[in-house]
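Here is a colleague's note on the model. Please read it with the structure open.

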Amino acid sequence: QVQLVESGGGLVQAGGSLRLSCAASGRTFSSYYMGWFRQAPGKERELVVAISRSGGSIYYADSVKGRFTISRDNAKNTVYLQMNSLKPEDTAVYYCAATQTLRVGIYDYWGQGTQVIVSS
């Protein structure tokens with residue numbers, strides 16, 4: 001099992017940047033595929049970006065391509081989400097998620113979420 005704790009959310013103006021972090025417990029972090037999801041008010045949760053165990057394979061949703069960058073540091077048990085050129089439509093609660101079994105969009109462990117608000 002793994003426990004996930006997100007940090008780094010906040011209020012930012014459109015065009016600004018934020019860096020989210022997700023710290024994982026345990027000694028097997030490198031065995032987990034990691035993802036960042038977001039859920040805006042009144043909308044379904046969506047997968048924003050995902051990264052493979054080694055970091056060699058990455059998926060980005062079309063809505064964030066070229067603006068968001070995911071990375072991971074397996075030595076620090078942490079995954080990061082660098083968000084640049086933020087837009088008001090990026091406003092959402094962002095969740096870090098983990099799974100040891102690769103299944104499209106399905107994750108077993110979740111953080112508590114961190115709020116991101118982008119003002120226009």
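Predicted model: local features only at pLDDT ≥ 70, side-chain atom pairs only at ≥ 80, totals over all residues.

1. Four strands form an open sheet in the order β1-β3-β8-β7. The pairing is antiparallel. β1 and β7 (68-73) stand at the edges. Each has a single partner strand, so one side of each lacks a neighbour in the sheet. Neighbouring strands are turned against each other by 15° on average, with direction ignored.

2. Strand β1 covers residues 4-7. Which of its residues lie on the covered face? L4 and E6 do. V5 and S7 are on the uncovered face. β1 pairs with β3 (residues 18-24) in the antiparallel sense, over 4 bridges. S7 has S21 of β3 as its bridge partner.

3. From β3 to β8. Strand β3 also pairs with β8 (residues 78-83), again in the antiparallel sense. How many bridges hold this pairing? There are 6 bridges. A23 stands opposite T78 in β8.

4. The disulfide. The count comes to 1 disulfide. C22 is joined to C96, with an S to S distance of 2.0 Å. The link is left-handed, at -80° about the S-S bond. The pair links distant parts of the chain: C22 sits in β3 and C96 in β9 (residues 92-99), 74 residues apart. Are the two cysteines buried or exposed? C22 has a relative accessible area of 0%, so C22 is buried. C96 counts as buried because its relative accessibility is also 0%.

5. The structure holds 5 salt bridges. One of them joins E46 and R38, with the closest N and O atoms 2.7 Å apart. E46 counts as partly exposed, at 34% relative accessibility. R38 counts as buried, at 7%. Another salt bridge joins K65 and D62, with the closest N and O atoms 3.1 Å apart. K65 counts as partly exposed at 48%. D62 is exposed, with a relative accessible area of 65%.

6. D90 and R67. The side chains of D90 and R67 also meet in a salt bridge, 2.7 Å from N to O. Why does this pair tie together separate parts of the sequence? D90 lies in the loop between β8 and β9, and R67 in the loop between β6 (58-60) and β7, so the parts tied together are 23 residues apart in sequence. D90 counts as buried, at 1% relative accessibility. R67 is buried too, with a relative accessible area of 10%. Salt bridges that share partners join R38, E46, R67 and D90 into one network.

7. L47. This residue is found in strand β5 (residues 46-51). Which residues does L47 contact, leaving aside neighbours within four places in sequence? The contacts are W36, F37, Y59, A61 and Y107. For one of these, A61, there is also a C-alpha separation: the C-alpha atoms of L47 and A61 are 7.1 Å apart. L47 and A61 are 14 residues apart along the chain.

Conventions
Residues numbered from 1 in each chain as written. Heavy atoms only, no water. Buried < 20%, exposed > 50% of the residue type's maximum accessible area, 1.4 Å probe, protein only. Helix = DSSP H or I, 4+ residues; strand = E, 2+ residues; numbered from the N terminus. Pairing = 2+ DSSP bridges. Contact = heavy atoms within 4.5 Å. Disulfide = S-S within 2.5 Å. Axes fitted to C-alpha atoms, helices over the stretch in contact; angles between N-to-C directions. Salt bridge = Lys/Arg side-chain N within 4 Å of Asp/Glu carboxyl O.
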